[in-house]
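The following questions and answers examine a predicted model. Please consult the sequence and the structure while reading.

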Amino acid sequence: MFCIEQIRVKNFLSFGTDIQTFNFADKGMHWIDGINIDDSDSTGKRSVGSGKSTFTMIVEYALYGDVHKINKNIKRDRLINRNYKCDLYVALVFSIDRER
């Protein structure tokens, strides 16, 4: 079985200059939720644009070196965070049948 254990990302779409680490080594299901602090609604919170869907793109980029979204190939320069424009970094730690 293919299991994602950890994702590390920096300057990829909505993720900024600090390396963000997400650990999924615990077995079971994980809930991904987000708050876009740059675009909040009347409650001060908004999840649109917070990076939830980006997780699938990160995995695809880590495995294949590119991202396809709705029949479009997204060029690498469009994946780099538009505010920082450099140093895209993605790392994916996974196991297959419990072998890293």
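Q: In what order do the three strands of the open sheet lie?
A: The sheet is open and its strands pair in an antiparallel manner. From one strand to the next, the twist averages 15°. The order of the strands is 2-1-5.

Q: How many bridges join strand 1 to strand 2?
A: Strand 1 covers residues 2-10 and runs antiparallel to strand 2. Within strand 2, Gln20 stands opposite Val9. The number of bridges joining strand 1 to strand 2 is four.

Q: What angle does the direction of helix 1 make with that of strand 5?
A: Helix 1 spans residues 54-64 and packs on the sheet. There it touches strand 1, strand 2 and strand 5. Its direction and that of strand 5 make an angle of about 80°.

Q: Which element gives the largest share of the largest nonpolar core?
A: This core has 16 residues, and those with the most contacts inside it include Ile7, Ile58 and Leu88. Strand 1, helix 1 and strand 5 are the elements that give two or more residues to the core. The largest share is five residues, and it comes from helix 1.

Q: Which residues does Val90 contact, leaving aside neighbours within four places in sequence?
A: Val90 is among the residues with the most contacts inside the largest nonpolar core, as are Phe12 and Tyr61. In general, nonpolar side chains tend to be buried together in soluble globular proteins. With sequence neighbours within four places left aside, the contacts of Val90 are Arg8, Val9, Phe12, Ile58, Tyr61 and Ala62.

Q: How many disulfides does the model count?
A: Cys3 is partly exposed at 30% relative accessibility, and Cys86 is also partly exposed, with a relative accessible area of 36%. A disulfide requires a pair of cysteine sulfur atoms within 2.5 Å. By this rule, the number of disulfides is zero.

Key:
Residues numbered from 1 in each chain as written. Predicted model: local features only at pLDDT ≥ 70, side-chain atom pairs only at ≥ 80, totals over all residues. Heavy atoms only, no water. Buried < 20%, exposed > 50% of the residue type's maximum accessible area, 1.4 Å probe, protein only. Pairing = 2+ DSSP bridges. Axes fitted to C-alpha atoms, helices over the stretch in contact; angles between N-to-C directions. Contact = heavy atoms within 4.5 Å. Core = buried A, V, L, I, M, F, W, Y, C linked by side-chain atoms within 4.5 Å.
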